[in-house]
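Here is a short report on one protein chain. Keep the sequence and the 3D view open while reading.

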Amino acid sequence: MAVVTILSVAQVAPRLDPINREAWNYLYRTELIEMSRFEKVPLAYGFSPSGGGAPEALSAFCAPHFLAAPSPTPRSLGDGAVAYQPLSRWGLLSLARLAPIAPLIEEAATAYDLPVDLYLTILLNESYLDPLAVGPTGDKGLSQMTSKALTMLHALSNDPTSRLYNPRLMPEQFQVFDPEFSVCAGAAKLSWALTQPGADRWGGAYALYINPIRGLVDGKINVRHTAAIEAMLRLRATVALLAAVYHFAGTDIELLSPEERTLVGISAAVRGQEIGLAEAYQQSFAVVAALELDDEAMYLAVFDQLFVTQLQGDRATASKR
């Protein structure tokens, strides 16, 4: 009887209350995935310089070659950048947070065929690139996942008829605070949002990213999300400055400051699988500490809560040499 009731509500509700029907069907025709089950799972599967991930990609969750419709060309954070301006201290703090995960963002944007500038702008507004971010309504991680978002993404990624079919996205074990998972999950949600009727590249897509069911209905953005959209749009200038650093790192690296060169070098080392995420965050923190940027708390929390096992293993290996 309970199952019949749930299905009846799922069928009737869209007629009574204007919503995104596709999101409603993906969410309410399956069992809710409780995010709390995946908050304390240890990181035991992340990629490493020894090749722990898929050889064709950094991430095991959204390798571009596994998706049905990836971008025909790799996405790069430097795409479209035209002017360089030295970063302020705030900009350097942002670049330091970005450096370890920049290759993950590029790869996820490639896998899900996303405008990489749009995706980075959304991630900045959602979490300010803090892997352990917890939002005011309990959203978690870099891409601010919720139980409902995980439920929808699980259904969407396991639907063989979907353009976003990717059963690797949510295996039996994952960790919602893991940057590798969170970046892929957020990319999948944004890619879905961009395909919805009336979803323009910025406001409408972000409204659906925030609220897939009621963020954008019949081409109208929910007024509850106007402030968040405006805040996100203001970050486009920051993203343009960061993109310029990555662009000129590949065309005229001598133009960059020594700190900028060091930080984009961390991204290059991660991209080449020379170092893993734990070491990348360590190297980024070294720059933050040297510049006396006020961001120590985030890094110490990341080391203590996410990468403590890997770092202990690295130190043990080093002590045997």
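The report runs from the whole chain to single residues.

## Basis and overall make-up

This is a predicted model, in which local features need pLDDT of at least 70, side-chain atom pairs count only at pLDDT 80 or more, and totals for chains, interfaces and linings use all residues. Residues are numbered from 1 along each chain as its sequence is written, and side-chain values use heavy atoms, with hydrogens and water left out.

The chain has 14 helices and two strands. Both are DSSP runs numbered from the N terminus: helices are H or I with at least four residues, strands are E with at least two. Of the 321 residues, 54% count as buried. Buried means under 20% relative accessible area, exposed means over 50%, and partly exposed lies in between (1.4 Å probe, protein chains only). Among contacts with a separation of 6 or more, 71% join residues 24 or more positions apart. A contact means heavy atoms within 4.5 Å.

## The nonpolar core

The largest nonpolar core holds 105 residues. Such a core is a set of buried Ala, Val, Leu, Ile, Met, Phe, Trp, Tyr and Cys residues joined through side-chain atoms within 4.5 Å. Helix 7 supplies the largest share of this core, nine residues.

Which residues have the most contacts inside the core? They are Leu 98, Ile 101, Ile 105, Tyr 112 and Leu 150. Leu 150 touches Ile 33, Met 35, Met 145, Met 170, Phe 174, Val 176 and Phe 181, leaving aside residues up to four places away in sequence.

## Helix 5 against helix 7

Two packed helices are described by the angle between their axes and the distance between the axes. For helix 5 (residues 116-127) and helix 7 (residues 179-194), the axes come within 11 Å and cross at roughly 115°. Axes are lines fitted to C-alpha atoms, for helices over the stretch in contact, and angles run from 0 to 180 degrees between N-to-C directions. The crossing is right-handed.

Helix 5 makes the contact through Leu 118, Tyr 119 and Ile 122. Helix 7 uses Ser 182, Val 183, Gly 186, Ala 187, Leu 190 and Leu 194. By type, seven of the contact residues are nonpolar, two are polar and none is charged. Here Ala, Val, Leu, Ile, Met, Phe, Trp, Tyr, Cys and Pro count as nonpolar, Asp, Glu, Lys and Arg as charged, and the others, Gly among them, as polar.

Helix 10 (residues 236-251) has 16 residues and reaches 22 Å from its first C-alpha to its last, close to the 22 Å expected. The expected span is 1.5 Å times one less than the number of residues. Val 239, Leu 242, Ala 243, Ala 244, Val 245, Tyr 246 and Phe 248 of helix 10 are buried. Their cover includes helix 3 (89-98), helix 4 (102-111), helix 5 and helix 11 (258-271).

Helix 12 (residues 277-291) has 15 residues; its end C-alpha atoms are 21 Å apart, in agreement with the 21 Å it should span. Its buried residues include Leu 277, Tyr 281, Phe 285, Val 288 and Leu 291. Ala 290, also in helix 12, is exposed because its relative accessible area is 65%. The C-alpha atoms of Ala 290 and Glu 259 are separated by 9.6 Å. Just after helix 12, Glu 292 takes a positive phi of about 55°.

## Loops and a strand

Is Tyr 128 buried or exposed? Tyr 128 is buried, because its relative accessible area is 17%. It sits in the loop between helix 5 and helix 6, with a positive phi near 45°. Leu 129 lies in that loop between helix 5 and helix 6 too. Leu 129 has a positive phi near 60° and is buried at 1% relative accessible area.

Ser 162 lies in the loop between helix 6 (147-157) and helix 7. Ser 162 counts as buried because its relative accessibility is 11%. Pro 72, in the loop between helix 2 (21-28) and helix 3, is exposed at 76%. Val 217 belongs to strand 1 (residues 216-217) and is buried at 13%. Val 217 touches Pro 18, Ile 19 and Asn 20, not counting residues up to four places away in sequence.

How values were computed: Left-handed = near helix turned anticlockwise from the far one by under 90°.
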